[in-house]
Structure formats: structure tokens, C-alpha cells
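I opened my notebook to get to know a structure that was new to me. Here it is, so that you can follow along.

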Amino acid sequence: MLRDKIEKHLLEVQKPSRYIGGEVGSVIKDKSKIDVRFAFCFPDTYDIGMSHLGMKILYSLTNERENYWCERCFAPSEDFEAIMRENDIPLYALESLDPIKNFDFIGFTMQYELSYANVLNMLDLAGIPIFSKDRTQELTQIVIAGGPCVCNPEPLADFFDICVLGEGEEVNLELMDLYYEMKKQGASRDDFLRKACQIEGVYVPKFYEFIYKDDGTIDHVETTNGAPAVVRKRIIKDLDKVYYPDNFVVPFTEIVQDRVSVEVLRGCIRGCRFCQAGFIYRPFREKHADTICKSAKSLCENTGYDEISLASLSTSDHSEIDPLLTQLLDYTVSEKINLSLPSLRVDNFSESLLEKIKRVRKSGLTFAAEGGTQRLRDVINKNVSEEEIMNTCRIAFEGGYSSVKLYFMMGLPTETDEDIVGIAELANRIIDLYYSIENRPKGRGVQISISCATFVPKPFTPFQFEPQDTREMIEHKQKLLLDSVKTKKIKVSYHNPDVSMLEVILAKGDRRLCKAVYTAWKKGCKFDSWDEYFHFGKWLEAFEECGIDTSFYANRRFEYDEILPWDHLDYLVSKEFLIRENKTAHQSKTTPNCRLRCSGCGVNKKVGRECF
Ligand code: SF4
């Protein structure tokens, strides 16, 4: 039995509880009564995947249906993978310990580009043909994908049977219902895919063929099997009515986000031009404070967790943030539960909000300033002025904080050396501010941490057309920033620019990249988001062997009138709007947030109602 084989080796690996299931809150069903089995696969380790909110929601939602069973599956770490391969243990799901190759659906959530190779590795470990074309016509083993990366699924198009665009709560069940009906009728895989692609939000890559021009850009896209020319993403209209679990699986081992996570809102009002999430999750929708508090309480009671985090792109943009926090704190303080608040923005960081945070958190504050000068912050539409940054820091210092972490990006469109030096100058002015405050924390020096990521232009943002800086350009800017910092009170850290380069190639790539992803995996690439496993050299070899010119994707400006690899997918925001925003960026002009004024991105027309 598979269980015996697994248990025999568990003590040979780190964190064995990742591999055996049986956690409180996991759902066990009687197999004989199940009609459709779904393996929810996270292409990274248990510790990371178990923190993912989307998985928790879809897991519980699917399991509400008596005859459907959703189980979890994660990428094994290197030590356990070696044991699996040596002992013929196929990749299995944690609830039943059954091999996932026997499941009806194998569903991957694609959260970041650097997990692409892990998908191939997991399919291989499962014994499922890696290429969609090699799977049989029997109606089983439907490999599907969802999550933010499928807004451009083309670099993975050869591996997935279906990509689900947008929010999954409704469409996943619609797909499973269709499958259940067609399975009873003895339909084939292609019969099912032909019907499935008629469901809104369902993209079947193999029904689309790309024709390229001599210069390598896309000439046109042909559809087959009656697939729609454009596939539109799904959204949930009313967040107060949508299903939200009142229980989570509680792991035995420590995971990245080991706490109750309560969703506050979806979408974002801001429109920062580099931020993919800010565009692909539009429109902005929020839950009422009562709904949020009710979820938080039932989750704490059912899981026994003593910490809550509020999940959203920008929690402080909730229109009822003050009453919401007051209501939540009344509960959490009396029950001795911690409340953590990620995603704070500097421009609406009030003293009363700080007072509330101070009741729950004593660590340093982090802010995303993104650009070192006002001009550059205007280019990226980070509607934050230096005055607001200073004011926020002043409130924080007067409130007892002595360290601030600031996030910046390097390689942003129109960026010059002046903008880079501006990062150090801004940090210097924050230091001066600290020492000018009478009631600053006594006996403590100030510490400013600057964290610099390399800008990655992403699909469905106004910067989707932009090239990424070359490695040489980034290295020059990194050195310039280090040379501009003259005090130990400022610490600078960088992200590896090679990682960002791979990210942009996979984010903006087309279908021709599939063979390079496959080749890279064959060369041993996996867990690319982990420093110790990231082998850029192998990826470069793979690109070269497959005749892929990386600069075509990474360092070339995509033209406005060019057909982009994701143009046949509709994330509600119009391309005309993205072009307009790109032009506005190059004039260093800002666009107000959606609550102040609608800028006509087109979402409201497609959803059929105003956003505010
Ligand atoms: S339609 Fe207007 S308000 Fe709605 S998301 Fe687009 S720009 Fe914002």
C-alpha cells in the first residue's frame, strides 16, 4: 500500500508532517460515494502552499458538495522527491494518499512565474503525461490552472488542458458539474473540452493557434473547435454573498502564514502602473465590516489560531477601515488574539490608524515608496508625495518607532541616475527628520532599510509594453545607489536581477517558450524562487538550445499596435486604456484613484454597473 511505503520513509526527511496529511480540519470522505475528485496542486512546498488563501477557499467550497472531493497536493522537497523516485511513490494527495494520476482534475494555482518548472516536475512525479497532447482521449486527468499567472498562460499552454481566468468560486464548480454529466454520458476528453470552452472564463489553449510574422511578433490567432475568439475572466459580483470558509486545515508544522486569514476586499482603487494585481483583480469590491468580523471569529473558534491577518491588496483602502478595526480589536484584545495588518499605504496612514496598529504590533514599519523622486513616483502613478512619506514617518517616529523599511524598484520606465540618487537622498531626509523630532524614541538611533527590486513589466498593466533594463544597466544603478549611501544608518538590499529577468521572460512570453520551460526542467530547474535552487545558467542554456532570443521578450519595447500573447484574454481592463495610461506615464502625469474619479478603464461597462 502506498501509505506503508510513505510512512516507511518519513523519518528520513525534514518536516515529515508535510507529507502525511491527517491535519485538523482536513476533509476525509468515503471514496465510494464520490463522483468527481479534484487534486488542488500548489507548485511549491507545503509550507508555502498551505498559506495560500485561494486554496483554502476553493478546497472548502468544493468539499461542501457531497459527491465531490477536493484534496491537497504540494511539491515535495528535494529529499522526499529523491525517496519518491527511488521507491516508485507517485505524487499523491494528502487526504486519501491516493496517486493524483487517478483523479478527475489536477488543478494548479499559478501564483508566480518562478514556479513554472515545478508544475512539470509534479506532473512527472505523478506519472501524468507532461504535454496535454500526450494525454489519452479518456475523460480523466484534466490538468487545469488558475491564479494570476494564467492572465498570460502561453509559456505553459502546451501543458494545461484548461486555464480558468479570474475568480474560481463559480466557474470551478461549473466545470466539475459539466465533467460529471459528460462522464456519465461516456464523453471523450475533447468532447468535454469543446463544451468546457463555452463556459465564460474557461480557456482551452489547444483550440488556439498562433501565426507569427517574420520579425517574430504575432500575426494573428486562429481558433478551432468553436472556441471563442476572446475569453473573458470571471468575477464574483457580491463579496458579502460569496462563500467563505469557517474552518481551515491547521498544519502540524510551521507554515509561512500560520494564522487565520480573512479576506477584506478584492481589487484595488489605486492604479499603480507597474502592479499587475491592481489591474487584473478589478473592479474594487469590499466586504462589509460585519461579514469580515463574523468570518474572523468563526475561523478563530474553529481552528484555535490566536492570530488574524487581513488579506487584501490595500486594507487601509477599505471604506470602513476605522470601524472595522475597532470592531475587530474589541474581539481580538478581549480574546488575546493578535491582529496583523499588511499592505499599508503611506498616503492614508492616519494617527488613529497608527494607534490601532500599535495596540497589536511593535515591530518596524514597512512602506512601499517605489520611486526615489516625485517625478518617478508620478510616472508609476504611485500617488504619494514626499510630504506624505515624511508625515507618515513623523507619525511613526513620534509613536515610538525608530526603524522604517522602504521598498523601491529599480529599472522603472524613464528612470535616470537622478532617480537612483534620489532614493539615498530621501532616506537621508528621513534620518534628518528623525533627529529633528523632540519626542523621538530616547536612546535609540534610527535605522532605514532600503529594499530594491528590479522592475518586471507585466501583462495587463500600463507598463506591459515596456522593456526591462538589461543586467548591465541594473548593475550600474545598484552601484550608484550604494555609492550614494554615506551612512550606516541606511542599509540597502537588492533582489537578484537574473531572477527578475527570468520572471519577465516567462511573464511576457508566448507559446514558443513552452519548449524552453520543458528543456530547463529537463536540465534540473525547479524551485526557481528559492535562491539555493535558482540556476540561471541552465535556463539560459535552455533558451539558447530552443532558439529563444531572451531580449526579444525581456528588453524589447512591445508596440502599441502589436498583437500581444495575451490579447485574446479579456481581464476587463481595455487595451486602449492601458495604452493611454502608458502615454500618460511617459508625460510624468498621474491618474487619480478610482474612488476620486473613474478613468474609464472599461471594467464598469463590461460588468454592467458603476464601481462606486
Ligand atoms: S471603470 Fe473606472 S472606477 Fe471602475 S476600475 Fe475602471 S477606472 Fe476604476
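Below are my entries, one topic at a time.

**Ground rules.** I am working with a predicted model, in which local features need pLDDT of at least 70, side-chain atom pairs count only at pLDDT 80 or more, and totals for chains, interfaces and linings use all residues. Residues are numbered from 1 along each chain as its sequence is written, and side-chain values use heavy atoms, with hydrogens and water left out.

**The ligand.** I looked up which residues surround the ligand. They are Arg282, Cys594, Cys598, Ser599, Gly600, Cys601, Asn604 and Cys611; a residue counts here if one of its heavy atoms lies within 4 Å. By class, I noted 4 nonpolar, 3 polar and 1 charged residues in this shell. In this scheme Ala, Val, Leu, Ile, Met, Phe, Trp, Tyr, Cys and Pro are nonpolar, Asp, Glu, Lys and Arg are charged, and the others, Gly among them, are polar.

**A cis bond.** Arg282 turned up again: a cis peptide bond joins it to proline 283, with omega about 0°. I placed proline 283 in the loop between α8 (276–280) and β12 (285–286). Helices (H or I, at least four residues) and strands (E, at least two) are DSSP runs, numbered from the N terminus.

**A positive phi.** Leucine 97 is not a glycine, yet I found its phi to be positive, about 60°. This leucine 97 sits in the loop between α4 (78–86) and β3 (105–109). Most residues other than glycine have a negative phi, and most peptide bonds are trans.

**Two domains.** I found domain 1 (2–232) and domain 2 (260–495 + 573–586), with bounds from an automatic or database domain assignment. Their C-alpha centres lie 33 Å apart. I saw 8 residues of domain 1 in contact with 11 residues of domain 2 (heavy atoms within 4.5 Å).

How much area do domain 1 and domain 2 bury between them? The value is about 800 Å², 53% of it on carbon and sulfur atoms; this is the accessible area (1.4 Å probe) that the two parts lose on being put together, summed over both. Leu53, Cys151 and Glu167 supply 56% of the area domain 1 buries there, more than any other three residues.

**Salt bridges.** I noted 50 in the structure (a side-chain nitrogen of Lys or Arg within 4 Å of a carboxyl oxygen of Asp or Glu). Between domain 1 and domain 2 the count is 4. I also looked up glutamate 169 and arginine 266, a salt bridge whose closest N and O atoms are 2.6 Å apart.
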